[in-house]
Amino acid sequence: MNSELIERLKSIEMRLKESNTWFRLLENYCRSLNHDIFMINMSLEDECSTICRIQIDSWLCEIEKQQTLNMKFEAIVSKLIAISDEDCFNEELNHHFSHISELDASIQDGYQSGRANRPVDGLMPCIVGENLEKDICKIEISCLRTLSNWKEWTERITEHIILVNKLVTLFPASHPFSSIPCSISILLNQISKFIVEQNKLEKTLEILTNSSTDSHDAIFGLDVLIIMEKLCPIPICGDEQ
Amino acid sequence: MLDYNASKSQLLQMKQAHLEVCQFLGEIDSDFHENAAKTLATRIENLVIEPIDIALKIIDVIEMIGDGQIPSVISLRWNQQILQALNNGGVKIEF
């Protein structure tokens, strides 16, 4: 009986560690996304990117909360394993089992069938595929690259949208994260529209001011002025403070 | 959505027709009609052919940029200019 309990506790501990890795990965991704949205917000000065930053901050707060609970439960489970190993288990430790049993039930129900399980604080609601981990690492590395035009920013935001849409599917509606990636996805789509428009302005300006387009310059003088007024500076890396 | 290819061929046809009229007016050499004909030819060049030329140049730039890649602030204005050239080149003009 005792060995079965220890095995179950070890399984919970393993899943908690796995979840902790994922929370850290999500936290790192949110910070990369926040950095990009901060730069876009400084450039476009639009409401969408401002609200998106607020949403990312909310997500970071939720992740931190989940990480704290995860570490708390991990500590409890490791202590319980150590106590059970020594056969020192007594009735006074029973109250620790109430939440641990919720974790256990969620793991047994969801993880084994590979579906999103019942959301429990401190635990990722499902097993996350390796491909998603690679996608996150890839986008984090690409976030280190400085972008020089709006076309590259369009591609960067599209990458973020694809990844956030994948993350949306991970969290069931009752999970504390559920609505946040959804709203971030919607806001990123709106930001993408602004960036696509900036890309169009940039491209049009380049063609209109290109000297090889002979007599076009005089006719399009007013258009060049309108474009220059509407064209926002390309987001550059700055101090978030 | 304006069909730029159809507009371009229509504008080129209109331009050709008006150029032929201007050429005919330019060839008039009778003392009585010469001045009036030249004035009319200049008016056609300024009021009809020039807007058609501008519209054709706009379509050239649109082709260069790519259809659907025109910023919305510019697209509306350019479409209006093309439509105006199409209308003025195809109807009677009051002098």
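**Starting at one residue**

Guide: Let's begin with A:Glu45, which counts as exposed because it has 10 C-beta neighbours inside 10 Å. Keep in mind that this is a predicted model.

Visitor: OK, where is A:Glu45 found?

Guide: A:Glu45 is in the loop between α1 (2–44) and α2 (47–85) of chain A. Its phi is near 55°, and that is a positive value in a residue other than glycine.

Visitor: And how far apart are the end C-alpha atoms of α1(A)?

Guide: They are 61 Å apart. At 1.5 Å a residue, the 43 residues of α1(A) should span 63 Å, so the two values agree.

Visitor: Let's zoom out. How many helices and strands does chain A have?

Guide: Chain A has eight helices and zero strands. Its C-alpha atoms fill a box of roughly 90 × 35 × 30 Å along the principal axes.

Visitor: What's the radius of gyration of chain A?

Guide: Chain A has 24 Å, whereas a compact globule of 241 residues would have a value near 18 Å. Buried residues make up 30% of the 241 residues in this chain. As for contacts in chain A with a separation of 6 or more, 70% are between residues 24 or more positions apart.

Visitor: Which residues have the most contacts inside the largest nonpolar core?

Guide: That core has 44 residues, and the ones with the most contacts inside it are A:Cys30, A:Cys52, A:Ile56, A:Val77, A:Ile184, A:Leu188 and A:Ile191. At least two residues of this core come from each of α1, α2, α3 (97–111), α5 (150–168) and α6 of chain A. The largest share is from α1(A), with 13 residues.

Visitor: Why would residues like that gather together?

Guide: In soluble globular proteins, nonpolar side chains tend to be buried together.

Visitor: Pick one of them for me. What is A:Ile56 in contact with?

Guide: Leaving aside neighbours within four places in sequence, A:Ile56 is in contact with A:Cys30, A:Leu33, A:Asn34, A:Ile37 and A:Ile184. Apart from this core lies another one of 17 residues, and among them are A:Leu201, B:Leu11, B:Ile58 and B:Ile74.

Visitor: New topic: chain B. What does it look like?

Guide: Chain B has three helices and zero strands. Along its principal axes, the C-alpha trace spans about 55 × 20 × 15 Å. The radius of gyration of chain B is 16 Å, while a compact globule of 95 residues would have one near 12 Å. Of those 95 residues, 19% count as buried.

Visitor: Which residues of α3(B) are buried?

Guide: They are B:Ile74, B:Trp78, B:Ile82, B:Ala85 and B:Gly89. Seen down the axis of α3(B), these buried residues fall within an arc of 65°, so they line one face of the helix. On the other side of α3(B), you'll find B:Ser72, B:Leu76, B:Gln80 and B:Asn87 exposed.

Visitor: What covers those buried residues of α3(B)?

Guide: The cover includes α6 and α8 of chain A, together with α1 (4–26) and α2 (34–65) of chain B.

Key:
Residues are numbered from 1 along each chain as its sequence is written. Chains are lettered from A and ligands numbered from 1 in the order in which they are written. This is a predicted model: local features need pLDDT of at least 70, side-chain atom pairs count only at pLDDT 80 or more; totals for chains, interfaces and linings use all residues. A residue is buried if 20 or more other C-beta atoms lie within 10 Å of its own, exposed if 12 or fewer, and partly exposed in between; C-beta atoms are placed from the backbone. Helices (H or I, at least four residues) and strands (E, at least two) are DSSP runs, numbered from the N terminus. The arc is that of the directions from the helix axis to the C-beta atoms. Two residues are in contact if their C-beta atoms, placed from the backbone, lie within 7 Å. A nonpolar core is a set of buried Ala, Val, Leu, Ile, Met, Phe, Trp, Tyr and Cys residues joined through C-beta atoms within 7 Å. The radius of gyration is taken over C-alpha atoms; the globule rule is 2.2 Å times the number of residues to the power 0.38. The expected span of a helix is 1.5 Å times one less than its number of residues.
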